[in-house]
Amino acid sequence: MLKPCRNIRCKNLTNKGYCDNCKYTKDKIRPSANKRGYNALWRKNSKAYLQANPLCVECAKEGKIVVADCVDHIIAHKGDMKLFWDVNNWQSLCNSCHSRKTINEDMGGWY
């Protein structure tokens, strides 16, 4: 069964996540998560950060208490490893807030 391509700017239908054209573009443009720094060291450090900062900062601004699921880079690092590892550039977010932030920043792109 065909469904829309995951690239929200694409109008193609596919039986995969991304159509062949977008998958090729995505793979060509964006390195793997591991190559972007999201490796075992990141997982260890982000887990420790979440233990120390367990609540979603965006939900807290609205007076809600929600457990955070991930560590977000406040300013997108775009490959800058100094910015990537700068703990002052990290914040705890729930999946909902992180997805919303990513969509708003990336406008459907892969960076």
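Leaving aside neighbours within four places in sequence, Val 71 is in contact with Trp 42, Ser 46, Tyr 49, Leu 50, Trp 90 and Gln 91, where contact means heavy atoms within 4.5 Å. The model is predicted, so local features need pLDDT of at least 70 and side-chain atom pairs count only at pLDDT 80 or more, while totals for chains, interfaces and linings use all residues. Residues are numbered from 1 along each chain as its sequence is written, and side-chain values use heavy atoms, with hydrogens and water left out.

**Nonpolar cores**

Val 71 belongs to the largest nonpolar core, together with Trp 42, Tyr 49, Leu 50, Ala 68, Phe 84 and Trp 90, which makes 7 residues. A nonpolar core is a set of buried Ala, Val, Leu, Ile, Met, Phe, Trp, Tyr and Cys residues joined through side-chain atoms within 4.5 Å. Buried means under 20% relative accessible area, exposed over 50%, and partly exposed in between (1.4 Å probe, protein chains only). Helix H2 (residues 40-52) gives the most to this core, with 3 residues. Apart from this core lies another, of 6 residues, among them Cys 59, Leu 93, Cys 94 and Cys 97.

**Helix H2**

Helices (H or I, at least four residues) and strands (E, at least two) are DSSP runs, numbered from the N terminus. H2 has 13 residues and reaches 19 Å from its first C-alpha to its last, close to the 18 Å expected at 1.5 Å a residue. That expected span is 1.5 Å times one less than the number of residues.

Which residues of H2 are buried? They are Trp 42, Ser 46, Tyr 49 and Leu 50. Seen down the axis of H2, the buried residues fall within an arc of 95°, so they line one face of the helix; the arc is that of the directions from the helix axis to the C-beta atoms. An α-helix has 3.6 residues a turn, so residues three or four places apart point the same way. The buried residues of H2 pack against strand S3 (70-73), helix H4 (81-85) and strand S4 (90-93). On the other side of H2, Ala 40, Lys 44, Lys 47, Gln 51 and Ala 52 are exposed.

**Salt bridges**

A salt bridge is a side-chain nitrogen of Lys or Arg within 4 Å of a carboxyl oxygen of Asp or Glu. By this rule the count comes to 4 salt bridges.

| Lys | Partner | Closest N and O atoms |
|---|---|---|
| Lys 16 | Asp 20 | 2.7 Å |
| Lys 61 | Glu 58 | 2.9 Å |
| Lys 64 | Glu 62 | 3.0 Å |

Lys 16 is partly exposed, at 40% relative accessible area, and Asp 20 is exposed, at 53%. Lys 61 and Glu 58 both lie in helix H3 (residues 57-61), 3 residues apart, about one turn of the helix. Lys 61 is exposed at 64% relative accessibility, whereas Glu 58 is partly exposed at 29%. Glu 62 is exposed, at 57%, and Lys 64 is partly exposed, at 43%.

**Cysteines**

A disulfide is a covalent bond between the sulfur atoms of two cysteines. Here a disulfide is counted as a pair of cysteine sulfur atoms within 2.5 Å, and a search of the whole structure finds 0 disulfides. Cys 97 is in no disulfide, and the nearest cysteine sulfur, that of Cys 94, is 3.6 Å away. Cys 97 is buried, with a relative accessible area of 7%. Cys 5 is buried as well, with a relative accessible area of 6%.
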